[in-house]
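Please look over the structure shown below before reading on. The paragraphs after it go through some of its parts in turn.

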Amino acid sequence: MAVPTDGRDRPAPTDGRDRPARVGEATVTETDKDDGRLLLLYRWPV
Amino acid sequence: MERRYDPVTGEWRMFAGHRQDRTFLPPAEFCPLCPTKEGHPPTEIPLPAFDVAVFENRFPALERRPPPAAVSGTALSPVAPSNGASEVIVYSDDHHAGLADMDVAHIARIVEVWTDRYAALGARDEVAYVFVFENRGVAVGVTLHHPHGQIYAYPDVPPRMRQTLDAALTHALAHGACVYCAVVAEEVAAGDRVIAQTDGFAAFVPFAARFPYEVHVAPARHASSLVDLSADDRLALARTLRTVVRGYDNLFGFPLPYVMSMLQAPTDGSGHEALSHLHLEFTPLHRTADKLKYLAGSELGAGAFINDVAPEDAADRLRAAIATAR
């Protein structure tokens, strides 16, 4: 197993982390509420 | 609102005075997490029905575009804006349905939403740790009854997670392995503190539990975060979570208040995957049906926990509760 050589000497954060943007079969609707707050609605096929 | 640094402990703390005015235990007909009903004032969700909803908290401790710090700090005690996110995840549109009441398939959907938010929030450069949690029950400070959880995206790794990562690094340097993998393997082998096992997930009362009925839920194999789980894993996790909560609700005959915390890899890009083992920690406060475990002098003053219930006894009782639960 790869072990960091020094727990304090960590590399700087990088952009574009390789993670999936969506998971499973959900349809996601992303909107801003009237006061600007984010609202996400997740819906799955029946 | 702002974050303030305590140089004595090396910790950042969040200050958010507007939270004093947040909605407090409204009656069900005024629940802000229920669907909006025709002819009634709008709730947080402007639809008559929904599966799972997530929205930015109206009373955040951290937010995407925070105001400048409300106070000035010093070189010794700096301040910073409250960068990050505070989100509410509404588990379903049913005001009364918690994890104990739902189909496993729906709980697996909640796990999918957790995963999506972990990935999306974690991808923001200013976010170092995505913390998924649930406060359930008035005894732990819940202010809204409708079953829901929260997600905080912190700009730095919080103190407890830093402590666990440091301990994990120490173990890894000594043994070349993940400490939590070793803990789960030891618990499964011993068995006397395991309360449920489902398709590669184990639920157990930790050997050195802090709280009388503390339970951890973890995959036996190493998974550093939610994104490492397969669809089958999410179902197994969902099934295990429901088993645990049903056991809790049968333990003393009432819905047991708890805090559920999810620990997983930070998202600061610093390569903690080998050290982080995804797991959930349930920390109910009750030590008997009518007595709470208070955090008093030793815990709050010294950070040294005293547990009045042997973990093996707690596990015995939880296994019995699970066996006779619905």
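In which helix of chain B is the place of B:Ala119? B:Ala119 belongs to helix 1 of chain B, residues 104-122; helices (H or I, at least four residues) and strands (E, at least two) are DSSP runs, numbered from the N terminus. This is a predicted model, in which local features need pLDDT of at least 70 and side-chain atom pairs count only at pLDDT 80 or more, while totals for chains, interfaces and linings use all residues. Residues are numbered from 1 along each chain as its sequence is written, chains are lettered from A and ligands numbered from 1 in the order in which they are written, and side-chain values use heavy atoms, with hydrogens and water left out.

The predictor's confidence in each residue is given as pLDDT, from 0 to 100. For chain B the mean pLDDT is 94, and 100% of its residues reach 70 or more. The model scores ipTM 0.91 and pTM 0.92.

B:Ala119 has a relative accessible area of 4%, so it is buried. The cut-offs are under 20% relative accessible area for buried, over 50% for exposed, and in between for partly exposed (1.4 Å probe, protein chains only). B:Ser225 is 106 residues from B:Ala119 along the chain, and their C-alpha atoms are separated by 9.7 Å.

Next comes helix 4 of chain B. Its 21 residues, 231-251, should span 30 Å at 1.5 Å a residue, and the end C-alpha atoms are 30 Å apart, which agrees. The expected span is 1.5 Å times one less than the number of residues. Of the 21 residues in helix 4 of chain B, 15 are buried. B:Gly253, which follows helix 4 of chain B, has a positive phi, near 85°.

Side chains of opposite charge can pair when their charged atoms come close. A salt bridge here is a side-chain nitrogen of Lys or Arg within 4 Å of a carboxyl oxygen of Asp or Glu. Over all chains there are 22 salt bridges. One of them joins B:Asp101 and B:Arg326, with the closest N and O atoms 2.6 Å apart. B:Asp101 lies in the loop between strand 5 (85-90) and helix 1 of chain B, and B:Arg326 in the segment after helix 6 of chain B, so the pair ties together parts that are 225 residues apart in sequence. B:Asp101 is partly exposed at 40% relative accessibility, and B:Arg326 is exposed at 58%.

B:Arg210 forms a salt bridge with B:Glu214 (2.9 Å, N to O). B:Arg210 also forms a salt bridge with B:Glu281, at 3.0 Å between the closest N and O atoms.
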